[in-house]
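The entries follow the order in which I turned to each topic.

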Amino acid sequence: MSSASPRIGTGIDGLQPINIKPLLMKLWPTTNTVTADEIADAISHFFTNQVSEAQTASLLMALHFTQLDFDPTVLAKCAAAMLKVAAPIPVKELQEVIATRGRPEGSYKGGLCDIVGTGGDGHDTFNISTTSSILASALIMVSKHGNKASTSKSGSADMVAVMKPQAPVIAAVRPDTLVRVYSATNYSFVFAPVFHSGMRFVAPIRKQLPWRTIFNNVGPLANPVEDVLEARVIGVGRKDLGPAFAEALRQAGCRKAMIVCGDEDLDELSCAGNSHCWMLKEKTPGGEIYVDYFLVNPNDFGLKTHPLNTVSSGKGPEENAAILSQILQGQLAEDDPLIEFILINTAALFVISGICDADSSNMGAGDDGQVITERGPGGQRWKEGVRRARWAIKSGEAWKQWGAFVQVTNEIVDEEKQ
């Protein structure tokens with residue numbers, strides 16, 4: 001049997017082709033009669049290969065030009081549709097291993113956390129969110145949702161796949177191995193194509209279009225371990241996307257999240273100046289969620305500002321992997337601009353997880369226990385987040401968790417070869 005994908009629009013497992021022409025006709029020149037449910041339903045058929053290439057491309061273009069791919073309800077509904085057909089994860093078993101390994105502290109319950117960006121901001125900075133995710137695993141459970149590069153030279157998956165002295169096998173992280181992985185380490189890289197296999201039918205069409213599509217926005221909202229995800233930071237490459245992402249998460253029932261955008265339209269907290277933040281907060285404990293908007297600056301983290309050209313990568317996966325290895329092993333100066341860039345983004349994930357709310361600290365060797373209780377923008381302990389991020393490097397704990405992740409994924413592959 002040929003391993004090639006079936007022709008787009010022919011359906012899989014005997015499913016019949018779906019004609020979305022009626023929806024397309026309603027999308028232009030007016031969108032007043034189109035609902036988010038209709039759009040999400042049409043897109044759900046993309047993942048089963050039931051929509052023709054022409055109609056798939058037409059819908060992606062229509063959503064782009066009508067800016068419905070910025071509508072929070074559309075984003076929430078489409079993310080839900082994407083998650084519905086994602087590879088199912090063993091929720092109960094994952095909850096059990098998380099309860100064993102996770103270390104609740106402050107308002108952090110010990111669950112999985114993610115930090116991810118939309119990409120496409122044009123700044124080609126270092127792989128900040130990936131590095132921050134590894135640092136954060138020193139203290140919290142992390143599920144880094146990532147993929148290969150689409151616009152930059154080095155995507156998160158591209159970089160981690162060439163790490164030295166040994167690289168993890170990210171394709172070994174699957175629904176049936178997640179429990180095994182989290183039994184060995186606080187860290188896991190969730191490679192999007194493994195869990196969102198239906199996207200293989202859309203990928204060739206996206207590559208032929210000159211614009212970013214709705215999937216660039218929906219992807220970061222659709223972490224496959226959504227059912228056990230406690231907190232997340234999402235970076236967006238355009239400030240006008242911030243409110244939409246925050247509202248989409250609120251509508252989806254998320255309770256711990258922050259959307260960030262550097263003032264330069266950077267899809268992470270900027271080291272160069274102000275960053276825009278949209279944080280989900282509870283009006284009362286366990287009550288209604290609202291979105292709080294505020295600005296943060298590196299000074300709020302107790303750090304200096306650095307021009308983006310001092311942290312721009314412009315490098316390929318191998319070079320970035322070598323830099324990541326140096327960072328995790330504490331081989332860069334504490335005030336290196338790149339280190340401080342990573343610290344503020346790691347601190348953000350610590351803050352959102354709730355771990356910085358703790359009034360005492362017992363991280364382990366090298367921890368002086370001196371919690372920084374000062375609160376800055378949004379009422380959060382940003383400096384405490386940096387203190388913990390520095391400890392993650394100095395203690396070697398982040399490097400330890402990374403090493404355990406590399407080891408367990410390689411063991412899985414070796415065992416399956418036998």
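This is a predicted model: local features need pLDDT of at least 70, side-chain atom pairs count only at pLDDT 80 or more; totals for chains, interfaces and linings use all residues.

**Notebook: sheet, domains and local geometry**

I then traced the open sheet of seven strands and recorded its order as E3-E2-E1-E4-E5-E6-E7, with mixed pairing. I asked which strands stand at the edges. They are E3 (187–191) and E7 (289–296); each has a single partner strand, so one side of each is left without a neighbour in the sheet. For the twist I recorded an average of 20° from one strand to the next.

I next looked up how the chain is divided, and wrote down domain 1 as 20–66 and domain 2 as 91–409. Their centres, taken over C-alpha atoms, are separated by 32 Å. To the contact, domain 1 gives 13 residues and domain 2 gives 13 residues.

I recall that the size of an interface is often given as the accessible area lost when the parts come together. Here domain 1 and domain 2 bury about 1,100 Å² between them, and 82% of that lies on carbon and sulfur atoms. How many salt bridges did I count between domain 1 and domain 2? The count is zero.

I consulted the UniProt record, an unreviewed entry, which places the feature "domain: Glycosyl transferase family 3 N-terminal" at residues 22–84. Over residues 22–84 I found the chain to be 67% helix and 0% strand, with the end C-alpha atoms 24 Å apart.

For the structure I noted 25 salt bridges. I followed one of them, in which the side chains of glutamate 38 and lysine 26 meet at 2.7 Å, N to O. Glutamate 38 belongs to helix H2 and lysine 26 to helix H1 (residues 21–27), so I logged the pair as linking distant parts of the chain, twelve residues apart.

Asparagine 49, although not a glycine, has a positive phi of about 60°. I located asparagine 49 in the loop between helix H2 (36–44) and helix H3 (53–66). I also recorded a cis peptide bond between lysine 164 and proline 165, with omega about 0°. Proline 165 has its place in the loop between helix H7 (156–160) and helix H8 (178–184).

Definitions and conventions:
Residues are numbered from 1 along each chain as its sequence is written. Side-chain values use heavy atoms; hydrogens and water are left out. UniProt positions are given in the numbering used here, feature names are shortened, and annotations may be inferred rather than shown by experiment. Helices (H or I, at least four residues) and strands (E, at least two) are DSSP runs, numbered from the N terminus. Two strands pair if DSSP finds at least two bridges between them. Axes are lines fitted to C-alpha atoms, for helices over the stretch in contact, and angles run from 0 to 180 degrees between N-to-C directions. Domain bounds come from an automatic or database domain assignment. Contact means heavy atoms within 4.5 Å. Buried area is the accessible area (1.4 Å probe) that two parts lose on being put together, summed over both. A salt bridge is a side-chain nitrogen of Lys or Arg within 4 Å of a carboxyl oxygen of Asp or Glu.
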